Amino acid sequence: MKNTVLFLALFIYSLSFSQKKDTFLIRKNTIEITGDTSLWLNTNERESTNENYTGEYDNLNFNFSPNLGYAIKDNLIIGLGAGYGHNYNKSKHENNNPSKYKSEGNSYSVFSYVKKYVPLNNKLAIGVRGEVSYSHTDSKSKSYGNTTEDESYRHNESDGIFIGLRPDISFFIAKKIILKANIGALGYNSSKSKNNIGEEDEYENKSKRFNFSFNTANLGAGLTFLLN
């Protein structure tokens, strides 16, 4: 909740800036080509004297999203984009009941957006993007213990819709190249998933929520190239 209030305050504050001739400017009819990337990698090991417990964890999350935009007015962009994501998780536990777990999945998305740049000075601006997107995720997981009876496999699929805002900080590093840092996402998420597809215990989950998210898919950096 605090993050949501902070973002709204930042958004309202940014709109109070009036655009001047010497401020950050993307002129009408300019074409934007953007590539957004996020990468999160974590490897750690835990030990405990309780029952001689040790645990190893490996996590990888990668997302790439190309966008194509067009300036219909100065500092106002409309555009389309697509995204690809990959995640990998592996864990190993050693104690009185050893176990291992591994999951891997891919996600795909398409979206349309309207983006407004709010200048702070001649090189720096706050970007606020209103977006509607659809995503699909397919993942498989396996867990196993000491015997084959302990093994289990799961196949999960989910579809999601996002409607909301994605803020960023944009900075001109060259005359026609912008470096931007994505901050997060504020909006409505609706998802539906099928779990353990093809098995006797197949089931579905549905969720709807409105929140401000800092997950790895909404954090990262990107480069924007301007053509005019």
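The structure is a predicted model, in which local features need pLDDT of at least 70, side-chain atom pairs count only at pLDDT 80 or more, and totals for chains, interfaces and linings use all residues. Residues are numbered from 1 along each chain as its sequence is written, and side-chain values use heavy atoms, with hydrogens and water left out.

The chain has one helix and 10 strands (DSSP runs, H or I of at least four residues for helices and E of at least two for strands, numbered from the N terminus). Along the sequence these follow the pattern α-β-β-β-β-β-β-β-β-β-β. Of the 228 residues, 32% count as buried (under 20% relative accessible area, with exposed meaning over 50% and partly exposed in between; 1.4 Å probe, protein chains only). Among contacts (heavy atoms within 4.5 Å) between residues at least 6 apart in sequence, 64% join residues at least 24 apart.

Serine 91 is buried, with a relative accessible area of 12%. Beyond its neighbours within four places in sequence, serine 91 is in contact with Glu56, Tyr57, Ser99, Lys100 and Tyr101.

Turning to the surface, what about lysine 208, buried or exposed? Lysine 208, a residue of strand 9, is exposed, with a relative accessible area of 66%.
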